[in-house]
Structure formats: C-alpha cells, structure tokens
Amino acid sequence: MLLHDTALIFGRYARQTLRSRFQILFGILMPLLYLLFFGPLLTELPLGEDTDSWQILVPGLLLQLGLFGASFAGFGLIIDKSTGVVERMRVTPVSRAALLLGRVLRDALLFMFQAVLLVLVAVAMGLRAPLPGVLIGFLFVGLLTVSLASLSYALAMRVSTPQEFGPVINSLTMPAMLLSGLMLPMTLGPKWLDVLSHFTPFRYLVDAVRDAYTGSYATSHMLYGVLVALGFAALAVTVGTGVFRKAGA
C-alpha cells in the first residue's frame, strides 16, 4: 500500500509540475547564471592539481541546485494547507508517509532533470568529466534533494505562513552554502574556516562529487560523502515521515 499510495501522490504532483514550465526552467536559472558569468572568471586560476575550473565549479552548482531548490520545496505544502488540499487528504485512507514520499520523489526527479540540463550547458562551455563521475554527481543531487525536501516539508507542516517559513530557510541555507565550498574549495581559505566547514554535512558531498568529476572514485572524500549522504537522507526521511504521521497530514 505504501508503494501504491506513493505512486498516486507522485503522479498528482508530477502532473502538476509538468503543467508548469516556469517551475522546470526557472528553477535552474540561478546555477546557470553562476555557470555563465562566474565560471569564466575561474578558468585561469590555479584551483587544484590536475583539475580545471569547471571540475571545481560544476559539482558545486549541482549541489547548489539541490540545496536551494529542495530547501524551499515546503512553500508548495504551505499553499496546499491554505487552500484546503491538506485537509481533504486527511480524510482519505492514503498512507501518511506516502504523502511525504510522493512529493519528495517528484522533487528528486525534477532537480535531477535540471541537473542534466546544467551539465549539458557546462559541457558546451568546456567541462570535461568522465561519464561515471557525472552519473555519481546526479545520484548525490538526488540524495541531497530527498534529504532537504523531507526536512522542508516537515518544517512546512509546523508553520502557518510563508512569512514564518522563508526566514528560517534563508538562515539555514546561506551559511550552508558559504561553508560547504560550493563555489570554491574551502582549502583555499584560512585554516579556521576550512576546519569549521567540516561541521557542515554538505562539505563532504561537494568534495565527493568533485573527486568523481576528476575520475577519482576510491578516495576518502568519496567514502565520507556516500556515508554522509545516505545517513542524512535516512535521518531526514525519518523525521519527515514522523511529522506527517503526527500531524495526520
């Protein structure tokens, strides 16, 4: 029943997304702007041994796509609450966990599709990366989306208005972006900042994807990145489903 209900909820929101071309295309706008206007500034900088600037920037932009897109996914749930959609779902026998998982699955596929578009543009601009590394990057985007979207929906169930939701998300995502080294490796900064960034789980994902884009798969960065991504996803989904069950969403 969980799989059946999840498929039903996923189908509903997938059809909703397909009818909104703006959501599909404009969601990728910010990473594309960074790619087009920020990427060329890095081409001559010595960012690492045997690594070009695109192999540094593109993995960060992929995870930035998941970070900001999935973190704000809860806005849609707040709208559903205000229009009575959530109330109507509460009287159905559908699994409460499926109400979360269906939404999260839609978000994961949407951002992975946008990630594919971003990589294609990056290749046209000069990115060269092994295909297995690119595919690994997409998997990390999917796991990050599952994690953050689950937590975003859990928060949206706890607040009443977008005015409450937005500031909380902004106060969490901006430090995460700055400390994770999305734009530039944290090793280029002062030692204290590099040490502080290791307390941010996204740092491990960024390092892992950058290794994958250089063809380095059997590294400590990759191991830590996989463990953190899987652990974070499991924790976030557990928290999210718990909130949905208690709320009777």
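**Exercise 1. Determine how H7 and H12 are arranged relative to each other, and identify the residues through which they meet.**

*Step 1: geometry.* H7 and H12 pack at an angle of about 130°, and their axes lie 8 Å apart. Axes here are lines fitted to C-alpha atoms, for helices over the stretch in contact, and angles run from 0 to 180 degrees between N-to-C directions. Helices (H or I, at least four residues) and strands (E, at least two) are DSSP runs, numbered from the N terminus. The model is predicted: local features need pLDDT of at least 70 and side-chain atom pairs count only at pLDDT 80 or more, while totals for chains, interfaces and linings use all residues. Residues are numbered from 1 along each chain as its sequence is written, and side-chain values use heavy atoms, with hydrogens and water left out.

*Step 2: orientation.* The angle makes H7 oblique to H12. Angles under 35 degrees count as roughly parallel, over 145 as roughly antiparallel, 65 to 115 as roughly perpendicular and the rest as oblique.

*Step 3: handedness.* H7 passes H12 in a right-handed crossing. A crossing is left-handed if the near helix is turned anticlockwise from the far one by less than a right angle, and right-handed if clockwise.

*Step 4: contacts.* From H7, Arg96, Ala97, Leu99, Leu100, Leu101 and Arg103 meet Val237, Gly240, Thr241, Phe244 and Arg245 of H12; contact means heavy atoms within 4.5 Å. This contact comprises 6 nonpolar, 2 polar and 3 charged residues. Ala, Val, Leu, Ile, Met, Phe, Trp, Tyr, Cys and Pro count as nonpolar, Asp, Glu, Lys and Arg as charged, and the others, Gly among them, as polar.

**Exercise 2. Describe the packing of H11 with H12.**

*Step 1: geometry.* H11 (residues 201-213) and H12 (residues 220-247) pack at an angle of about 130°, with axes 8 Å apart. The two helices are therefore oblique to each other.

*Step 2: handedness.* The crossing of H11 and H12 is left-handed.

*Step 3: contacts.* Among the H11 residues that meet H12 are Pro201, Phe202 and Leu205, and the H12 residues met include His221, Met222 and Phe232. By class, the contact has 11 nonpolar, 2 polar and 2 charged residues.

**Exercise 3. Describe the packing of H5 with H8.**

*Step 1: geometry.* The axes of H5 and H8 (residues 131-158) come within 8 Å and cross at roughly 35°, in a right-handed crossing.

*Step 2: contacts.* Gly74, Leu77, Ile78 and Lys81 in H5 meet Ser152, Tyr153, Ala156 and Met157 in H8. These residues divide into 5 nonpolar, 2 polar and 1 charged.

**Exercise 4. Characterise the largest pocket and the largest cavity.**

*Step 1: terms.* On a 1 Å grid over the protein atoms alone, a cavity is a set of points where a 1.4 Å probe fits but cannot get out, and a pocket is an open set with protein on both sides within 12 Å along at least five of seven lines; lining residues have an atom within 4 Å of a point. Grid points are joined across faces, edges and corners, and a volume is the space filled by probe spheres set on the points.

*Step 2: the pocket.* The largest pocket holds about 440 Å³ of space. Its lining has 21 residues, with Gln23, Phe72, Ala73, Gly76 and Arg106 nearest the centre. H7 gives the most to this lining, with 6 residues. By class, the lining has 10 nonpolar, 7 polar and 4 charged residues.

*Step 3: the cavity.* The whole structure holds 1 cavity of 30 Å³ or more. The largest cavity has a volume of about 40 Å³ and is lined by Leu63, Leu67, Leu144, Leu182, Phe202, Leu205 and Val206. H11 gives the most to the lining of the largest cavity, with 3 residues. This lining has 7 nonpolar, no polar and no charged residues.
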